[in-house]
Amino acid sequence: MADLKHHNDPYQYPRGIPPHPPPYKNANTSLSTTTTAFPFFSSFSGDMSAFSVNFLPPNSFLTPKTNITATRLYANPSQTAVPAQAQAPEDITAERLEPRVEQKGGFFVLKEKFRQGINPQEKVKIAAEPMKLFMENGIEDLAKIPFEELDKSKNTKDDVDVRLKWLGLFHRRKHQYGRFMMRLKLPNGVTTSAQTRYLASVIRQYGEHGCADVTTRQNWQIRGVTLPDVPAILKGLNEVGLTSLQSGMDNVRNPVGNPLAGIDPHEIVDTRSYTNLLSQFITANSRGNPAFTNLPRKWNVCVIGSHDLYEHPHINDLAYMPATKDGRFGFNLLVGGFFSPKRCAEAIPLDAWVPAEDVVPVCGAILEAYRDLGTRGNRQKTRMMWLIDELGVEGFRSEVVKRMPEQVLERSSSEDLVDQKWERRDYFGVHPQKQEGLSFVGLHIPVGRVQADDMDELARLADEYGSGELRLTVEQNIIIPNIGNSKLKALLDEPLLKDKFLPEPPILMKGLVACTGNQFCGQAIIETKACALKVTEEVGRLVSVTRPVRMHWTGCPNTCGQVQVADIGFMGCMTRDENGKVVEGADVYLGGRIGSDSHLGEIYKKGVPCKDLVPVVVDILVDQFGAVPREREEGEE
């Protein structure tokens with residue numbers, strides 16, 4: 001079990017990037033650190049990779065320089081509840097600000113006095129600490145119990161259906177009884193060929209039950225896993241530098257960053273250092289960090305590194321927005337973005353700026369404020385924005401300040417580095433890197449689904465043509481970086497890129513995203529991936545568009561497919577067809593935007609049977625996106 005003494009003092013956080021001179025002094029400034037620079041990590045025996053952060057000159061591509069006061073992302077009222085109050089309400093008492101958790105035996109547990117009216121998941125956490133399955137090797141014993149025996153005891157049944165999610169394991173009780181989906185941690189979406197081959201070897205042994213998905217958080221999910229295999233799989237993950245720890249339930253999800261980090265000629269900052277540090281901090285170098293495993297609900301974080309906002313800051317609980325202040329590089333903070341069945345809210349400014357070295361400490365302070373003060377009743381009202389609503393932005397901010405190492409948090413900077421007028425770039429196909437003679441190639445992975453053989457081929461291509469690295473994107477696609485320009489033609493001639501994962505997909509396929517759907521997910525109301533492909537293909541045969549249209553599908557109101565940020569979104573429901581028969585359908589959303597003028601889409605039409613979606617989408621594309629019916633287009637030619 002990892003040494004937990006560092007959790008006793010909430011202010012003992014590593015300073016993520018060591019102090020440095022004002023950035024931009026040199027375009028090639030590189031800051032490297034090792035484990036000795038991080039007191040938090042020094043308590044662990046594992047090695048920590050060196051990190052480097054590269055900054056560009058301040059005005060190398062920002063023309064004109066923009067002011068964050070005019071362009072900061074704000075919550076839009078159309079899809080949110082009442083926006084968070086600016087000041088702390090007067091009726092917030094000292095008693096309300098008492099932490100609701102306490103540390104016992106190295107783990108944080110809900111105090112007895114706050115256990116009235118808590119939700120069932122909180123009761124499961126109180127009954128047995130989920131992290132003990134990993135940190136005290138409880139998984140070894142659980143994996144040896146015959147699966148039919150596990151359901152006979154409420155405790156072991158809760159282990160299977162709930163507590164294993166702390167290890168990234170999700171039992172597919174409804175559709176694949178006895179099998180699990182395993183979600184990894186893959187900060188910034190960066191993975192290696194060796195890791196990809198290992199995951200392929202895992203899913204291959206499960207035959208038709210095994211496959212993998214690229215997720216909307218730059219992550220891998222693998223399917224078909226059986227419980228007896230889990231201890232060996234966890235060991236194999238560790239051997240290739242991966243973990244699935246703390247990736248589900250009331251934990252911090254995969255830290256998202258710029259998929260072009262370190263290779264983009266126009267990047268603001270290389271986000272890999274920050275997302276890696278955040279992930280290592282949150283999981284204690286993959287050993288398990290109980291300081292952050294008993295949150296009221298899940299929690300999402302991203303670090304912005306590009307003007308394109310590939311990272312979708314407005315839908316994260318914490319988003320780091322690059323900005324300078326008095327010659328120092330750092331980040332303004334947005335907080336509270338989330339989706340749920342009952343409410344969707346865009347992230348709002350915390351009126352806070354942190355220097356680069358405080359990226360990790362402020363993350364810890366925000367997480368502690370949420371862990372300590374968040375309510376644990378109705379699960380639909382336990383995301384962090386509900387706490388911000390209750391305390392007011394300024395009240396929440398003051399609680400964060402209390403938990404900062406020196407109880408200091410600077411106000412936001414006006415020197416925003418994100419160009420608000422930037423036109424979001426398409427990463428599909430061939431693009432030159434900042435490194436001379438190298439390019440990256442963006443590949444379309446239809447609705448993110450891959451098989452074992454696909455993963456092996458992707459790993460081979462990464463080794464043969466690149467540097468053995470792959471990048472996953474939040475749109476469920478893959479980028480192969482570091483390809484020598486002399487090898488590009490041969491790569492583009494590879495069968496996988498000709499027949500399946502196209503560098504230049506049909507225009508309507510470019511922005512297609514789909515959640516797991518009811519093929520595997522017990523919460524999904526409809527099948528999504530196959531339906532999304534079928535509808536998009538049929539629509540593409542009927543109309544022609546001149547620019548990509550982002551279409552997202554989600555199987556249920558949990559909106560894992562993020563339909564509210566799409567140009568056109570489809571949320572699964574049951575509805576009736578023209579004969580009154582109950583059939584699978586979708587509520588259609590319209591008007592979502594990403595980027596600096598982000599906006600959450602709104603309901604356009606409710607309860608459309610899936611079989612009737614094609615004409616609805618065609619009409620939307622013609623009316624709203626300038627599509628032209630193909631027969632007219634052909635006639636004009």
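Visitor: Hi! How many helices and strands are there in the protein chain?

Guide: Hello! The protein chain has 18 helices and 26 strands. Keep in mind that this is a predicted model.

Visitor: What does the pLDDT average over the protein chain?

Guide: The average is 84, and 83% of the residues score at least 70.

Visitor: And where is the pLDDT below 50?

Guide: One such stretch is residues 1-84. In the model, that stretch still has 213 contacts beyond near neighbours in sequence. Residues 633-637 also stay under 50, and there the model has 2 contacts beyond four places in sequence.

Visitor: Okay. What share of the protein chain is buried?

Guide: Buried residues make up 62% of the 637 residues. As for contacts with a separation of 6 or more, 71% of them come from residues 24 or more positions apart.

Visitor: Let's look at some helices. How do α10 and α11 pack?

Guide: Helix α10 covers residues 359-373 and helix α11 covers residues 384-391; they pack at an angle of about 80°, with their axes 10 Å apart. The two helices are therefore roughly perpendicular to each other.

Visitor: Which residues make that contact?

Guide: From α10 you have I366, A369, Y370 and L373, and from α11 there are M384, L387 and L391. By class, the contact of α10 with α11 has 7 nonpolar residues, with no polar and no charged ones.

Visitor: What about α11 and α12, what angle do they make?

Guide: α11 and helix α12 (residues 393-402) pack at about 110°, and their axes are 6 Å apart. That makes α11 roughly perpendicular to α12. On the α11 side the contact uses M384, L387, I388 and L391, while α12 brings in V393, G395, F396 and E399.

Visitor: How do those residues divide by class?

Guide: The contact of α11 with α12 has 6 nonpolar residues, 1 polar and 1 charged.

Visitor: Switching to sheets. What is the strand order in the one with β3?

Guide: That open sheet has 5 strands in the order β3-β4-β7-β6-β17, with antiparallel pairing. Its edge strands are β3 (169-171) and β17 (449-450), each pairing on one side only.

Visitor: How many bridges join β3 and β4?

Guide: β3 and strand β4 (residues 179-183) pair in the antiparallel sense over 3 bridges. You can find F170 standing opposite M181 in β4.

Visitor: Which helix lies across β6 and β7?

Guide: That's helix α7 (residues 193-204), which runs at about 35° to β7. The strands it lies across there are β6 (211-214) and β7 (220-226). α7 also lies across β5 and β18, running at about 75° to β5.

Visitor: So what sheet do β5 and β18 belong to?

Guide: They sit in an open sheet of 5 strands, ordered β5-β18-β19-β16-β15, and the pairing is antiparallel. Here the edge strands are β5 (190-192) and β15 (429-432), and each pairs on one side only. On average, neighbouring strands of this sheet are turned by 30° against each other, direction ignored.

Visitor: How do β18 and β19 pair?

Guide: Strand β18 (residues 469-472) and strand β19 (residues 478-484) pair in the antiparallel sense over 2 bridges. The bridge partner of R471 in β19 is I479.

Visitor: Which strands does α13 lie across?

Guide: α13 lies across β16 (438-443), β18 and β19, running at about 25° to β19.

Visitor: Last one: is L458 buried or exposed?

Guide: L458 is buried, with a relative accessible area of 0%. Its place is in helix α13 (residues 452-465).

Visitor: What is L458 in contact with, leaving aside its neighbours within four places in sequence?

Guide: The contacts of L458 are L443, L470, I478, L496 and F501. As for L497, it is 39 residues from L458 in sequence and 9.8 Å away in space, C-alpha to C-alpha.

Conventions. Residues are numbered from 1 along each chain as its sequence is written. This is a predicted model: local features need pLDDT of at least 70, side-chain atom pairs count only at pLDDT 80 or more; totals for chains, interfaces and linings use all residues. Side-chain values use heavy atoms; hydrogens and water are left out. Axes are lines fitted to C-alpha atoms, for helices over the stretch in contact, and angles run from 0 to 180 degrees between N-to-C directions. Helices (H or I, at least four residues) and strands (E, at least two) are DSSP runs, numbered from the N terminus. Angles under 35 degrees count as roughly parallel, over 145 as roughly antiparallel, 65 to 115 as roughly perpendicular and the rest as oblique. Contact means heavy atoms within 4.5 Å. Ala, Val, Leu, Ile, Met, Phe, Trp, Tyr, Cys and Pro count as nonpolar, Asp, Glu, Lys and Arg as charged, and the others, Gly among them, as polar. pLDDT is the predictor's confidence in each residue, from 0 to 100. Two strands pair if DSSP finds at least two bridges between them. Buried means under 20% relative accessible area, exposed over 50%, partly exposed in between (1.4 Å probe, protein chains only).
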